[in-house]
Amino acid sequence: MFFKRIALIIAVEDEAKPIIEGLGLSHKGKLLSPLPMEFYEGRHNSLNIDLVTSGKCDRFNVDNVGPQAAILNTATTIGRLQPDLIINPGTAGGFVSVGASIGDVYLSYPMICYHDRRIPIPGFDAYGIGSYYCFDTRGIAEEFGLKTGIISTGSSLDYTDKDLELIKSYGGVVKEMEAASIAWVADLYKIPFFAVKSITDLVDNFTPTEEEYLRNLTSASMALSREVVRIIKYFAQ
Ligand code: SAH
């Protein structure tokens, strides 16, 4: 497939930095004032590369992580930049039970679901889970030796038993906080979308997620940027 304008949508600044450096992108300021999204751009051969982070929350001085900021970022990015492919790089929790290790990089396929939008009313139950189909990443995964799997999105870094039950029910293997929201907006505009997620923590072991996340953030971000740069170069050929 041939793309001319790829948008990378990223929640966490520390995860975006090595990608910005690896692709040689330059900072263009806010995407659309007064929104907090920060805009970076560059080129590779004839491919335009836009990268938009969700910026910082002024009130709490942290990155704007999670589904709400991801939706605002994606809708604004599409409106301003009109990408023909959207990619969401980020970090995520993996599962020992399906053979994940810290630093593994997964591509979303075949779909992305929500695990914490439980609406037990016929019709709304399936709407809550979402099940957004994404770009067929199997060729790229094979080319670069990456894993593929169903990504599961929720608003929390930790989890409840019910979250895990739901993730298991649809075969989710990667847990994070943005991909389904970006997939929803991309689907409304019929723009192809996929996520690239590097594993910072293992959900089904005994170490608290936040401890593992912070310990592995730097190494997982390096693995993430290595793969994102390779994927962008693959599309820029
Ligand atoms: N940037 C903050 C914390 C980020 S919160 C810091 O530096 O302290 C977690 C971010 O990592 C979200 O963007 C989410 O998508 C991802 N993430 C990593 N592991 C996760 C997990 N096990 N569950 C949910 N989200 C996870």
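A polar contact, as the term is used on this tour, is a pair of N or O atoms within 3.5 Å, where within protein one atom must be able to donate a hydrogen and the other to accept it, and where residues adjacent in sequence count only if both atoms are side-chain atoms. The model is predicted, so local features need pLDDT of at least 70 and side-chain atom pairs count only at pLDDT 80 or more, whereas totals for chains, interfaces and linings use all residues. Residues are numbered from 1 along each chain as its sequence is written, and side-chain values use heavy atoms, with hydrogens and water left out.

**Stop 1: Asp 201**

Select Asp 201, which sits in strand E12; helices (H or I, at least four residues) and strands (E, at least two) are DSSP runs, numbered from the N terminus. Its side chain is joined to that of Thr 200 by a polar contact of 2.8 Å. With a relative accessible area of 4%, Asp 201 is buried, a label that means under 20% relative accessible area, with exposed meaning over 50% and partly exposed in between (1.4 Å probe, protein chains only). Now display what surrounds this residue: leaving out residues up to four places away in sequence, Asp 201 touches Ala 92, Gly 93, Gly 94, Ile 102, Thr 209, Glu 212 and Tyr 213, contact being heavy atoms within 4.5 Å.

**Stop 2: the ligand**

From Asp 201, move to the ligand, one nitrogen atom of which is 2.7 Å from an N or O atom in the side chain of Asp 201. A polar side-chain atom of Glu 178 lies 2.7 Å from an oxygen atom of the ligand, and a polar backbone atom of Leu 157 is 3.4 Å from a ligand nitrogen atom. The protein covers 85% of the 570 Å² of accessible area that the ligand has on its own, as calculated by the Shrake-Rupley method with a 1.4 Å probe.

**Stop 3: the largest nonpolar core**

Next, select Ile 87, Phe 194, Ile 231 and Phe 235, which touch the most other members among the 32 residues of the largest nonpolar core. Such a core is a set of buried Ala, Val, Leu, Ile, Met, Phe, Trp, Tyr and Cys residues joined through side-chain atoms within 4.5 Å. At least two residues of this core come from each of strand E1 (5–10), helix H1 (13–23), strand E4 (47–53), strand E7 (85–94), strand E8 (105–114), helix H4 (138–144), strand E12 (193–202) and helix H7 (209–235). H7 gives the most, with 7 residues. Another core, of 25 residues, lies apart from it and has Ile 112, Val 174, Val 185 and Leu 202 among its members.

**Stop 4: Phe 194 and Phe 235**

Because Phe 194 lies in strand E12 and Phe 235 in helix H7, the pair ties together parts that are 41 residues apart in sequence. Phe 194 counts as buried at 0% relative accessibility, and Phe 235 counts as buried at 7%.

**Stop 5: helix H1**

Colour H1 and pick out Glu 15, Ala 16, Pro 18, Ile 19, Ile 20 and Leu 23, which are buried. The cover over the buried residues of H1 includes E1, strand E3 (38–44), E4, E7 and H7. After H1 comes Gly 24, whose phi is positive, near 65 degrees.

**Stop 6: Asp 63**

Finish at Asp 63 in strand E6 (residues 62–63), a residue that is buried, with a relative accessible area of 18%. Its side chain makes a polar contact of 2.9 Å with that of Lys 56. Apart from neighbours within four places in sequence, Asp 63 is in contact with Ala 11, Val 12, Glu 13, Gly 55 and Lys 56.
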